[in-house]
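Trainee: Could we go through this model together? I would like to discuss its pockets, charged pairs, core and backbone.

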Amino acid sequence: MALSNSMRLLPEAALARDAARDPARDALPADVLQMFLTEHECRFEEPPSPSHLSSLSCRVFYLAFSGLTSGAARGWAGGLPGRAAPALARLVRLAVTPSVVKKQLMNVQKHADSLDETEISILWSSNEVLVRHLLDERPVELAVRLARDHPLSPPQLTTSGGPAHNTQWVTVYLAYQNGRVFDAIRMWTEALERKVSAAPVCYICYCRLHPACGQLPRLTCHQCNNKFHTDCIHKWFASSHKSNCPLCRSTF
Ligand SMILES: [Zn+2]
Ligand SMILES: [Zn+2]
């Protein structure tokens, strides 16, 4: 509601798009952009002038999308009627995203060297952070890409290597709890480390992570409850010509 009102009070130049301009070079006039990015003094003792009101609206808009309320602001944006939605997405992309993404990436850069066994690289031009973490000496990778209209569209996460694990909570943390990318990376590496150290050792290869595929032992012997890697137990069956548990000898 407050956002609908502030959207109505935005300066015309914030919403007007120069149709002649190449969409890739679309930008807000510098003075308008400053209205979004600069702190405003609130003076309520006098009736605010129309220009003061519209610059306050810019700031309200920026704060709504850049702070703790960005999840709610995204929900509000999702309910906008057809024509308003692209105008809003453009405004977020031009007035909010660059500053919010820059803060996130600079925070990652500031702390990048503080995580053990972790290499972090930042791709500034694509709003992306690449993480390479050594888990039991095996590389596991995470890429976090912030959307071009962040935080309107949620971040995209991809992982490779290492044991299968759920990264949905990282997306939720970043998209709905206004989480910092660096904190998400730290929590992700810690969760992986915890998962691996809590896992049992496979008694065929004596590893937690399978040396070739990096998965955790998942097949359980129903007699002795020991766990084995799928690959290891299949090799064991093939070489012993039996399908017995290598530890308790009961039929698997
Ligand atoms: Zn194994
Ligand atoms: Zn057994």
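Mentor: The following conversation takes these topics in turn.

Mentor: This is a predicted model, in which local features need pLDDT of at least 70, side-chain atom pairs count only at pLDDT 80 or more, and totals for chains, interfaces and linings use all residues. Residues are numbered from 1 along each chain as its sequence is written, chains are lettered from A and ligands numbered from 1 in the order in which they are written, and side-chain values use heavy atoms, with hydrogens and water left out.

Trainee: How much space lies in the largest pocket?

Mentor: The largest pocket holds about 360 Å³ of space. On a 1 Å grid over the protein atoms alone, a pocket is an open set of points where a 1.4 Å probe fits, with protein on both sides within 12 Å along at least five of seven lines, and lining residues have an atom within 4 Å of a point. The volume is the space filled by probe spheres set on the points, which are joined across faces, edges and corners.

Trainee: Which residues are the closest to its centre?

Mentor: Ser66, Val100, Lys103, Gln104 and Asn178 are the closest, out of 20 residues that line the largest pocket. Two or more lining residues come from each of α4 (50–66), α6 (84–111) and α7 (168–176). Helices (H or I, at least four residues) and strands (E, at least two) are DSSP runs, numbered from the N terminus.

Trainee: Which domains does the lining draw on?

Mentor: Domain 1 (2–95) and domain 2 (110–198) each supply at least three residues to the lining of the largest pocket; the bounds come from an automatic or database domain assignment.

Trainee: What about the second largest pocket: which residues line it?

Mentor: Its lining consists of Arg93, Leu94, Thr97, Pro98, Val101, Lys102, Leu105, Trp124, Asn127 and Arg148. About 190 Å³ of space lies in this second largest pocket. By class, five of its lining residues are nonpolar, two polar and three charged. Here Ala, Val, Leu, Ile, Met, Phe, Trp, Tyr, Cys and Pro count as nonpolar, Asp, Glu, Lys and Arg as charged, and the others, Gly among them, as polar.

Trainee: Turning to charged pairs, how many salt bridges are there?

Mentor: The count comes to six salt bridges, each being a side-chain nitrogen of Lys or Arg within 4 Å of a carboxyl oxygen of Asp or Glu. One of them joins Glu39 and Arg59, with the closest N and O atoms 3.1 Å apart. Glu39 lies in the loop between α3 (30–37) and α4, and Arg59 in helix α4, so the pair ties together parts that are 20 residues apart in sequence.

Trainee: Are Glu39 and Arg59 buried or exposed?

Mentor: Glu39 is exposed at 64% relative accessibility, whereas Arg59 is buried, with a relative accessible area of 9%. Buried means under 20% relative accessible area, exposed over 50%, and partly exposed in between (1.4 Å probe, protein chains only).

Trainee: And which residue forms a salt bridge with Arg145?

Mentor: Arg145 pairs with Glu128, the closest N and O atoms being 3.5 Å apart. This pair links distant parts of the chain, with Arg145 in strand β3 (residues 138–145) and Glu128 in strand β2 (residues 128–135), 17 residues apart. Arg145 is partly exposed at 36%, while Glu128 is buried at 12%. Another salt bridge joins Arg132 and Glu141 at 3.6 Å between the closest N and O atoms. Elsewhere, a network of salt bridges links Asp183, Arg186 and Glu190.

Trainee: On to the core: which residues have the most contacts inside the largest one?

Mentor: Ile120, Val129, Leu174 and Val181 have the most contacts in this largest nonpolar core of 28 residues. A nonpolar core is a set of buried Ala, Val, Leu, Ile, Met, Phe, Trp, Tyr and Cys residues joined through side-chain atoms within 4.5 Å. The elements giving two or more residues to this core are α6, β1 (118–123), β2, β3, α7 and α8 (181–198). Helix α8 gives the most, with seven residues. Val129 lies in strand β2 and is buried, with a relative accessible area of 1%.

Trainee: Finally, the backbone. Where is the cis peptide bond?

Mentor: A cis peptide bond joins His150 and Pro151, with omega about 5°. Pro151 is in the loop between β3 and β4 (156–160).

Trainee: What is phi of Tyr206?

Mentor: Phi of Tyr206 is near 60°, a positive value in a residue other than glycine. Tyr206 sits in the loop between α8 and β5 (219–220) and is exposed at 58% relative accessibility.
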